[in-house]
Structures are given as structure tokens and as C-alpha cells.
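Open the model in your viewer and keep the selection tool at hand. The stops below each give you something to select, then tell you what is there.

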Amino acid sequence: MVLDQVKARGLVLLGCGKMGSAMLQGWLAQGLPAASVWVNDPHPSDWLAAQGVHLNAALPDAPAIVLIAVKPQMMAAALPTLAGYGGGATLFLSIAAGTTIATYEQMLGTGTPVIRAMPNTPAAVGRGMTAITGNALATSAHLELAEALLAAVGQVVRLEGEHQMDAVTAVSGSGPAYVFHLIEALAAAGEAEGLSGPLAMQLARATVTGAGELAHRAPESASQLRINVTSPGGTTAAALAVLMDADTGLTALLRRAVKAAADRGRELGK
Ligand SMILES: NC(=O)C1=CN([C@@H]2O[C@H](COP(=O)(O)OP(=O)(O)OC[C@H]3O[C@@H](n4cnc5c(N)ncnc54)[C@H](OP(=O)(O)O)[C@@H]3O)[C@@H](O)[C@H]2O)C=CC1
Ligand SMILES: O=C(O)[C@@H]1CCC=N1
């Protein structure tokens, strides 16, 4: 099994903040031994320190994977410490938004297999969505290894190429934040209609997570699930007339939000 390579040779995690921790939490829960994981992070969280991984310790000679999970702005400072792994034996798997494969090739050498991945934080509960794409040195065996690792914490899709990565980042990488904000906004609207804050938040959170689970499990399309809630002339139809307005509704708003995120990804890549 491909994951045996990771168990035997090790995984080095560069940066273990919110996203690195979310993925590590998922992998440890799926049975990746803590002894197979080396983490480099200047300020480890209490959670990380309690996991039993090798923390800011001497690194293995040739890990199967180096997972790059620092912020793009920290890349130039952080990556050179692991440049010795460049050249072929180790697969570099980056989850950083924006930073291009060409940048990694420049810093690690063109003989280095590099895969860019865009995961999201639901990986912490095994419900992540990750898209991957590799450079010319990334063989099908490398892609299978990355896919197997990432599939342990959710769904994985392979992209046609790196040109799709900023759009993916803007939809599924950043997307959980939009959904959490939907919970906040729905709760605030409930409060404005007279509910207490805690009750409004309980209703909003359960509604968004329940609807998400239904969308996950039900065979119907999202449109059909929406129609199932909407009685003709009823309350939902009144709300959807606002939300589905062509100029001021959610589609127009999300179009602007997703474009802003994708534009920022392109900027970070420069
Ligand atoms: N958060 C998310 O939902 C997603 C994030 N990503 C990508 O993941 C990456 C990390 O994001 P996120 O987890 O949110 O950010 P965080 O800031 O939470 O995590 C980055 C971690 O890297 C550490 N770090 C800083 N400098 C170094 C260094 N020189 N060597 C090792 N570690 C270092 C930071 O420590 P300190 O805080 O002390 O500086 C921090 O713990 C980004 O590139 C982002 O684009 C991708 C998909 C989703
Ligand atoms: O906000 C960011 O830049 C990162 C990338 C996707 C989610 N978080």
C-alpha cells in the first residue's frame, strides 16, 4: 500500500498552523503513526506538542513527502531549510495558495517532483476537498502517493493543470469560510427578527450543517433540494426572491467574492 512508504520513510511537515494541523489531525485519526511525522514550526500549539510527533527535531534522511504548509509570505524564509531534499528522492507537496510550481522548481531545483494541492479545513473531520496537480517530474506514482495521503482526509480531484488552481482555491480552499460566515449572517438575521443570540446561533448552525449533510447524502441536485423546501407562495419563496435577485442576490455577491479570492491567489503567485 502506497501509504506504507510514508509510514516507513516519514512525512516532514513545514508549518503546522491551522491547515497543517487540520490535515495532521485527520491523518493521525486515520492511523498514520506519530513516529512517522516530523514537524518544523517555530511556535507549536499545545495540541501539536501533545501528539507525539517529532517536533523541531533532527530530520530523516529521505522522507517520502515534505508537506509545505507555511503561508506564501513565509516561503522564501522557510523553504531553503529543506532545499537539501530537492533533486528527486522526496516528493514536495505544497498546500500554499498562490505559490507556483515554477517558484518551487527555482528554489529546490528542476529535478524535484512537486505537487501543488489545495485542501480545506474540513479535512480535520475527514470531510476535506483537495485538488492536486504536479510538475513534469511528478510521476503517476507520486500522484498516487499524494492522492492516497489526501484521500485519508476527504475527497481528492486531479486538475487539468496549474492554471485551475487559483479558481479552486477561491471555491473550495477558501469556501469553508464563506459557509461559516453564512452561519454568522443567518444567526444575526435571526436576532434582528427577535430571537436571542444563543438560540439564533443554535438554529443557524444546525440548519447549515444539517443542509450540508443532506446535500452530501441525498441523490438529488442542490437545485432540487432547494425546490423541496420552497412551497409556492410561502416563506422560502419570499426569501429566495431576495437571495436570487440577478443584480443584488447571492450569485452576484459570490461571483465578486470568488473573483476577489482568485485574483488574490494570482497576486500571491507573482
Ligand atoms: N487555512 C486554510 O483553510 C487553508 C490554508 N491553505 C494554505 O496553507 C498554508 C498555511 O495556512 P494556515 O495554516 O492558515 O496558516 P497558519 O499561519 O495558521 O500556519 C502556518 C504555520 O507556519 C509556521 N511558520 C512560520 N514560519 C515558519 C518557518 N520558517 N518554518 C516552519 N514553520 C513556520 C507558523 O508559525 P507562526 O504562527 O509562529 O508564524 C504557523 O504555525 C498557507 O500557505 C495557505 O495558503 C490552503 C488551504 C486552506
Ligand atoms: O486564505 C488563504 O489564503 C488560504 C488559502 C485558502 C484558504 N485559506
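Start with ligand 2. Its shell holds one nonpolar residue, three polar residues and no charged ones. Select A97, T169, G173 and S174 to show the residues that surround ligand 2. Keep in mind that this is a predicted model.

**Ligand 1**

Now move to ligand 1. Which residues come nearest to ligand 1? Of the 26 around ligand 1, they are G15, G17, A78, A96 and A97. Next, colour two helices: helix 2 (18-29) and helix 4 (75-78) are the elements that give two or more residues to this shell. Helix 2 supplies the largest share, with three residues. Then colour the shell by class. You will find 15 nonpolar, eight polar and three charged residues around ligand 1.

A97 is worth a label. A97 is among the residues that come nearest to ligand 1, and A97 is also one of those surrounding ligand 2.

Now pick A69. Look for A69 in the loop between strand 4 (65-68) and helix 4.

Between the end C-alpha atoms of residues 12-84 the distance is 13 Å. The span is 27% helix and 18% strand.

**Two crossing helices**

For the last stop, show helix 7 (residues 165-173) and helix 12 (residues 250-268). Their axes come within 8 Å and cross at roughly 135°. Helix 7 is therefore oblique to helix 12. The crossing of helix 7 past helix 12 is right-handed. Which residues make the contact? On helix 7, select D166, A167, T169, A170 and V171. On helix 12, select V258, A261, A262, G265 and R266. By class, this contact has six nonpolar, two polar and two charged residues.

One label links this stop to the start. T169 of helix 7 takes part in the contact with helix 12, and T169 is also one of the residues surrounding ligand 2.

Methods:
Residues numbered from 1 in each chain as written. Chains lettered and ligands numbered in written order. Predicted model: local features only at pLDDT ≥ 70, side-chain atom pairs only at ≥ 80, totals over all residues. Near = placed C-beta within 6 Å. Nonpolar A, V, L, I, M, F, W, Y, C, P; charged D, E, K, R; others polar. Helix = DSSP H or I, 4+ residues; strand = E, 2+ residues; numbered from the N terminus. Axes fitted to C-alpha atoms, helices over the stretch in contact; angles between N-to-C directions. Parallel < 35°, antiparallel > 145°, perpendicular 65-115°, else oblique. Left-handed = near helix turned anticlockwise from the far one by under 90°. Contact = placed C-beta atoms within 7 Å.
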